[in-house]
Amino acid sequence: MGEDRKNTSVHYKYASTREKYCFGIGAIGKDAIVNLVGSFLMLYLTDTLYLAPAFVGILFLVARIWDAINDPIMGMIVDNTRTKYGKFRIWLVVGTLLNSVVFVLLFSSFGLTGTSLYVYVAVMYILYGMTYTVMDVPYWSWLPNLTNDPHEREKVSVIPRFFASLAGFCVATFGLYIINGFNRMSGNENLLAEEGYTIFAVVIAVIFIITIGITVTNVKEESTLNSKVKKTSLRQAVNVIINNDQLLAFIGLLLTFNLCTQIAKGFAVYYFKNVCGDEYLYSLFGFAIVAEMLGLAIFPKVASKISREKVYALACGCVILGLGLLGLVGFVMPTSVVATVVCCGIMFLGSGLSLGVTTCCMADVIDYGEVKFGVRNESITCSAQTFLMKAATAAAGGLTGVGLQIVGYNAKAEVQSAGTIAGIRVLMIVIPIIIAALSFLIYKKFYQLKGERMEEVTRKVNEIHAAQEEMGA
């Protein structure tokens with residue numbers, strides 16, 4: 001790589017340490033929001049508002065159909081934005097403020113019942129997805145622009161993912177305790193009462209605004225007011241997605257891995273509550289996210305020793321092993337704290353390694369797209385990641401809702417039937433294991449931006465940028 005730099009005379013861009021960490025801090029609030037929705041929204045809707053699980057599952061799936069259109073459009077809007085503040089910062093601010101309001105409303109029913117409640121929840125959930133896109137697309141689009149050094153990206157990409165995992169750890173580990181605590185402060189002893197959810201949502205929204213504020217005020221972004229880059233049309237935006245073979249491969253591997261982990265997270269609270277007999281074990285499931293942060297922390301070092309393909313194989317293998325052991329523990333020692341932490345820790349270690357690999361892959365796919373199409377459409381490409389994250393969460397939610405309905409789950413029953421418990425075991429353990437194995441197969445067979453091929457892409461991108469610098473572009 002050093003020879004490539006010398007031959008192309010490329011000026012490599014590096015963010016300061018302050019910028020790297022201020023950018024990463026922004027992930028705390030936004031991922032606290034997505035984790036509360038991913039971990040507890042289904043439980044809130046089924047066990048607090050008593051909505052039909054099948055309705056909730058179908059709602060999650062239908063909302064993603066709109067996202068399939070909405071997310072690439074948002075990517076196109078960001079890429080076409082021309083302001084003196086740049087193209088990422090302004091949408092990050094707008095999206096954060098809008099999403100904070102909708103997020104709180106999503107966990108507030110205002111005493112509605114019957115059809116009115118169903119309509120209200122449907123509207124708020126769809127708006128939640130739309131406003132999250134307005135914020136999330138520019139955030140991740142900004143990341144590849146912090147540095148154009150592929151090796152530096154492996155280090156930089158870990159920082160926001162680490163803070164995101166920290167947010168997930170806090171919400172998943174302490175969420176039930178915090179919700180219950182707010183309910184007690186409100187004079188309600190019911191663990192699943194709405195007041196606790198609403199207050200917790202307000203607290204997270206405030207944190208969200210503060211942490212994104214730190215990002216937008218401390219990270220530099222070049223003005224796009226006089227940008228000479230040609231604007232992208234909707235047709236071109238679609239073309240960027242469907243004709244980029246490596247983006248499609250990336251979509252496949254990322255969707256399957258996220259679907260695997262989101263299904264496990266979606267069923268976890270039901271699994272621990274009904275199969276293991278102790279819903280507070282879910283907090284240990286959340287505590288094990290520390291292992292995800294460990295996986296992210298060691299990723300740059302591991303990736304420097306072995307290929308990314310082997311790292312991804314290790315990531316998927318850890319998830320499969322962790323889930324398999326958790327399923328076994330559910331039979332022999334269902335309430336064991338130590339066994340639960342170990343099993344979940346192995347799974348989340350794999351998740352952390354996967355996050356490191358896929359974040360680097362996203363930046364590599366953007367470089368590949370620039371070589372293939374001659375235009376660097378960061379936001380359009382990253383909108384695919386935003387859509388995939390929401391699609392995996394929604395598909396998992398859909399499977400959770402429909403699956404619970406199929407296996408006969410009764411939210412008001414103290415003890416579920418043997419058939420229901422067996423069904424939850426399959427949905428929580430077996431299905432995610434199969435999907436994790438599929439994710440690695442997609443990476444191995446279809447994703448080609450590895451080794452010498454990626455070095456060639458990097459060389460060509462550097463030549464393009466060098467030529468642009470010489471032309472004063």
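Two aromatic rings of Phe, Tyr or Trp (its six-membered ring) count as a pair if their centres lie within 6.5 Å. In this predicted model, a search of the whole structure finds 21 such pairs.

Start with one of them: select Y128 and Y132. The two rings are tilted, with 40° between the planes and 5.9 Å centre to centre. Both residues belong to helix α5, residues 114–142, and sit four residues apart, about one turn of the helix. Y128 is buried, at a relative accessible area of 5%, and Y132 is buried at 1%.

Next, select F257 and Y312. This aromatic pair is also described as tilted, at 6.0 Å centre to centre and 45° between the planes. Show helix α10 (residues 245–275), which holds F257, and helix α13 (residues 308–332), which holds Y312; the pair therefore ties together parts that are 55 residues apart in sequence. F257 is buried, with 3% relative accessible area, and Y312 counts as buried at 0%.

Then select F23, F88, Y139, W140 and W142, which form one aromatic cluster.

Now zoom out to the whole protein and colour it by secondary structure: there are 17 helices and zero strands. The radius of gyration is 22 Å, close to the 23 Å that the globule rule gives for 473 residues, so the protein is as compact as a globular protein of that length. Along the principal axes, the C-alpha atoms fill a box of roughly 70 × 45 × 40 Å.

Switch to a surface view. Of the 473 residues, 59% count as buried.

Last, select the charged side chains: 37 are positive and 33 negative, and the centres of the two sets lie 3 Å apart.

Methods: Residues are numbered from 1 along each chain as its sequence is written. This is a predicted model: local features need pLDDT of at least 70, side-chain atom pairs count only at pLDDT 80 or more; totals for chains, interfaces and linings use all residues. Side-chain values use heavy atoms; hydrogens and water are left out. Helices (H or I, at least four residues) and strands (E, at least two) are DSSP runs, numbered from the N terminus. The radius of gyration is taken over C-alpha atoms; the globule rule is 2.2 Å times the number of residues to the power 0.38. Buried means under 20% relative accessible area, exposed over 50%, partly exposed in between (1.4 Å probe, protein chains only). Lys and Arg count as positive and Asp and Glu as negative; His and the chain ends are not counted. The place of a charge is taken as NZ of Lys, CZ of Arg, CG of Asp or CD of Glu. Rings of Phe, Tyr and Trp (its six-membered ring) pair if their centres lie within 6.5 Å; planes under 30 degrees apart count as stacked, over 60 as edge-to-face and the rest as tilted.
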